[in-house]
Amino acid sequence: MTDTINTHESDPNAEAAPQAGTTEAGADGARVAQLEAEVASLKDQVLRTLAETENVRRRAEREREDTAKYAVAKFAKELLAVADNLRRAVEAVGDDVRAENQAVGNLLTGVEATERQLLAAFDRAGIAKVEALGAPADPNFHQIMMEIENTGKPAGTVVQVLQAGYTIHGRLLREAIVGVAKGDVSAHVNTSA
């Protein structure tokens, strides 16, 4: 009888073994859950880093393209004065003077050819003239210098272009200086108060 009592008393691991296995499995489960959470966190960080890297690459590419497109803007803006002066030279001489004097006619033909070459170079560089005459005034593209009465046009319509405006790849290079039609003052007064 003592042997049987001693066997139960001498084997303390008999009941402890199932508890230790449960505790070990619980500890392993908690450790696995912790590692899975850490892996998920690291995956998230990697994905965010990759996304940020891609955004930086796209931004750099866009800035490089913009630099290539608009690098000539300052130079082009200076050449606009040349284009203006060539146009003024052509417009300064009337058709009658041109027909009477062959030397003046030949000179104007050369000036016109030079102007065409300059405008073709502008076109190749993405520089376009803003067509303002007859269009509604747009403060993004037009600088209004005066209002002209009795034009027969709706108020705010460009009726005179004093200096042509230009864009480069759709971005404003120089605004057009214009005169617009002045509206009829009595038409805008609300007297039904």
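Reader: Where is histidine 169 found?

Author: In this predicted model, histidine 169 is found in the loop between β4, residues 165-168, and β5.

Reader: And what is its phi like?

Author: Phi of histidine 169 is near 50°. That is a positive value in a residue other than glycine.

Reader: What is threonine 167 in contact with?

Author: If neighbours within four places in sequence are left aside, threonine 167 is in contact with Gly126, Ile127, Ala128, Val130, Phe141, Leu172 and Leu173.

Reader: Now β5. Where does arginine 174 sit?

Author: Arginine 174 has its place in strand β5, which covers residues 171-174.

Reader: Is arginine 174 buried or exposed?

Author: Arginine 174 is buried, because its relative accessible area is 13% and the limit for buried is under 20%.

Reader: What does the side chain of arginine 174 make a polar contact with?

Author: The partner is the side chain of aspartate 84, at 2.8 Å. Not counting residues up to four places away in sequence, arginine 174 touches Asp84 along with Leu80, Ala81, Gln163, Ala164, Gly165 and Tyr166.

Reader: Changing topic: how much space lies in the largest pocket?

Author: About 360 Å³ of space lies there.

Reader: Which residues lie nearest its centre?

Author: Nearest the centre of the largest pocket are Asp84, Arg87, Lys129, Ala164 and Tyr166, out of 17 lining residues. Among these, Asp84 is the residue whose side chain makes the polar contact with the side chain of arginine 174.

Reader: Which element gives the most to the lining?

Author: That is α3, with five residues. Each of α3 (73-92), α5 (102-124), β1 (127-130) and β3 (158-163) supplies at least two residues of the lining.

Reader: What classes does the lining of the largest pocket have?

Author: The lining has nine nonpolar, seven charged and one polar residue.

Reader: You mentioned α5. What about leucine 119 there?

Author: Leucine 119 lies in helix α5. Its relative accessibility is 38%, so leucine 119 counts as partly exposed. The C-alpha atom of leucine 119 is separated by 7.7 Å from that of alanine 83, and the two residues are 36 apart along the chain.

Reader: Last topic, the whole chain. How many helices and strands are there?

Author: The protein chain has six helices and six strands. Along the sequence, their pattern is α-α-α-α-α-β-β-β-β-β-β-α.

Reader: And what share of the residues counts as buried?

Author: The share is 18% of the 193 residues in the protein chain. The accessible surface of the chain comes to about 14200 Å², and 55% of that surface belongs to carbon and sulfur atoms.

Reader: What about contacts between residues 24 or more positions apart?

Author: Such residues account for 61% of the contacts in the protein chain with a separation of 6 or more.

Terms used:
Residues numbered from 1 in each chain as written. Predicted model: local features only at pLDDT ≥ 70, side-chain atom pairs only at ≥ 80, totals over all residues. Heavy atoms only, no water. Helix = DSSP H or I, 4+ residues; strand = E, 2+ residues; numbered from the N terminus. Buried < 20%, exposed > 50% of the residue type's maximum accessible area, 1.4 Å probe, protein only. Polar contact = N/O pair within 3.5 Å; in protein donor to acceptor, adjacent residues only side chain to side chain. Contact = heavy atoms within 4.5 Å. 1 Å grid on protein atoms, 1.4 Å probe; cavity = no way out; pocket = protein on both sides within 12 Å on 5 of 7 lines; lining within 4 Å. Points joined across faces, edges and corners; volume = space filled by probe spheres on them. Nonpolar A, V, L, I, M, F, W, Y, C, P; charged D, E, K, R; others polar. Areas by Shrake-Rupley, 256 points an atom, 1.4 Å probe, with all protein chains shown as cover.
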